[in-house]
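Reader: Could you walk me through this one? I would like to start with a helix and then turn to the core.

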Amino acid sequence: MPQRAQIVDPTAENLARIAEAIQNGDIAGMPTETVYGLAGDCRSPLAITRIFETKERPSFDPLIVHVGLGHRGLFELSRAELIDLAQIPNPVRDVANRLTRAFWPGPLTLILPKHSSIPDLVTSGLSTVALRMPSHPVAQALISASQRALAAPSANRFGRISPTSAQAVAEELGDRIDWILEGGECSVGVESTVISFENTGEIRMLRPGGISKEELEKAASVKVLDRQGSFYPAAEIAGTPKPEAPGLLASHYAPGKPLFLLPTQISEISDEKLRACLKAPLENLQSRSRGIGILLLSGQPRPIAERISGLVPCPVSVASLSPSGSIQEAAHHLFSELRKLDRDPTVGVILSEPCLSNSGLGYAIQDRLSRASAK
Ligand code: TXA
Ligand code: MG
């Protein structure tokens with residue numbers, strides 16, 4: 001694939017050049033603290049069309065608008081003509097203001113009634129708009145230099161693994177865009193938490209992410225609603241032409257290679273049961289010269305590699321998201337390690353431990369893993 005994109009440092013000169021391109025309807029790769037985004041002026045139909053085409057994203061999947069540091073409350077968002085304050089009931093105003101004060105800038109996206117000046121293309125025809133204030137200094141520098149709120153979905157081709165480094169953006173979209181701003185590895189590593197509101201002010205979590213359910217409940221003193229067991233039952237998504245958070249289609253964040261999920265951590269599985277768990281992945285190996293890539297949530301890779309090598313007739317590579325068992329570190333490495341296994345020519349299939357924790361960032365990790373493994 002011919003590379004077109006240049007990865008450039010966020011110098012004042014480069015920021016000015018890319019900001020000018022954005023003012024003219026162009027788009028660019030932009031680092032945020034969650035994942036890299038593909039950014040364009042949220043009021044430019046040209047830029048929005050380019051974003052959808054570049055990502056090959058279906059037009060029914062709306063974008064998140066990224067705002068500057070000056071917009072840390074509903075009044076400011078309304079003054080900037082991003083939301084329609086008149087449509088927002090008082091209990092929702094209260095809760096939303098508490099949340100923006102607690103978590104902005106940061107990995108929380110709020111769904112609110114949109115201002116009429118936001119193009120329907122951005123919101124896929126919905127009357128609401130998704131808003132977030134990123135904390136990454138380079139994202140803020142670009143918003144400030146372009147003097148625009150920036151629509152930015154994750155900078156991957158639709159349905160694929162989100163990029164957490166500039167190099168990963170180049171792998172995904174390097175043949176289709178001109179500029180990628182270098183911002184280092186994303187600190188959080190999974191996307192923002194997306195929430196909407198009931199008229200009572202209760203919060204509905206549409207996508208688990210960088211801010212946990214527990215943190216939201218504590219800051220807002222209201223209940224966070226989710227759907228028991230599974231957030232987004234497949235039937236509900238499949239039966240709705242305009243799902244509320246359509247980015248949450250069953251198969252998402254998928255590596256190119258088949259990904260299988262273990263029922264529990266490898267250390268808790270007997271050899272006999274592990275052999276049974278390895279059967280389906282082995283059957284999916286196209287060639288015996290390729291092997292199995294194992295993704296551990298925690299612990300040391302070496303002993304697991306030795307154990308599994310004794311059970312299978314093919315090469316085994318093992319990666320650990322956090323040898324020390326930190327959930328933050330696991331989230332930080334999730335997409336980059338999946339991407340490495342996906343690229344590794346000796347790996348034919350991936351077998352991952354599940355993340356059985358239903359709280360904190362564990363919820364977001366499990367959500368991404370089960371989506372990645374959906375067939
Ligand atoms: O962390 C993030 O949120 C990253 C970085 C780049 O900021 N962005 C990101 O964007 O993950 P994207 O497009 O990959 O995911 C946006 C999600 C989708 O699931 C989309 O359906 C949902 O937000 N969304 C956007 N607007 C919505 C709306 N009006 N109502 C409900 N869901 C909405
Ligand atoms: Mg995405």
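Predicted model: local features only at pLDDT ≥ 70, side-chain atom pairs only at ≥ 80, totals over all residues.

Reader: How many residues does helix H1 have, and what does it span from end to end?

Author: Helix H1 runs over residues 12-23, which makes 12 residues, and its first and last C-alpha atoms are 16 Å apart, close to the 16 Å expected at 1.5 Å a residue.

Reader: Which residues of H1 are buried?

Author: The buried ones are Asn14, Leu15, Ile18, Ala19, Ala21 and Ile22. They lie on the same side of H1, because the arc they cover around the axis is only 160°.

Reader: And what is on the face turned away from that buried side?

Author: That face carries Ala12, Glu13 and Glu20, which are exposed.

Reader: What covers the buried residues of H1?

Author: The cover includes strands E1 (6-8), E2 (28-30) and E3 (37-41), together with helix H6 (137-146) and strands E7 (150-151) and E8 (179-181). Just after H1, Gly25 takes a positive phi of about 90°.

Reader: Switching to the core, which residues have the most contacts inside the largest one?

Author: The largest nonpolar core has 51 residues, and those with the most contacts inside it are Leu99, Leu131, Phe197, Ile203 and Leu216. Helix H4 (residues 90-103) gives the largest share of this core, five residues. Apart from this core lies another, of 23 residues, with Val35, Leu259, Leu361 and Ala364 among them.

Reader: What is Leu216 in contact with, leaving aside its neighbours within four places in sequence?

Author: Its contacts beyond those neighbours include Leu99, Phe103, Leu108, Ile203 and Val224, and also the residues Thr193 and Ser221.

Conventions: Residues numbered from 1 in each chain as written. Chains lettered and ligands numbered in written order. Heavy atoms only, no water. Helix = DSSP H or I, 4+ residues; strand = E, 2+ residues; numbered from the N terminus. Expected span 1.5 Å × (residues − 1). Buried < 20%, exposed > 50% of the residue type's maximum accessible area, 1.4 Å probe, protein only. Arc of directions from axis to C-beta. Contact = heavy atoms within 4.5 Å. Core = buried A, V, L, I, M, F, W, Y, C linked by side-chain atoms within 4.5 Å.
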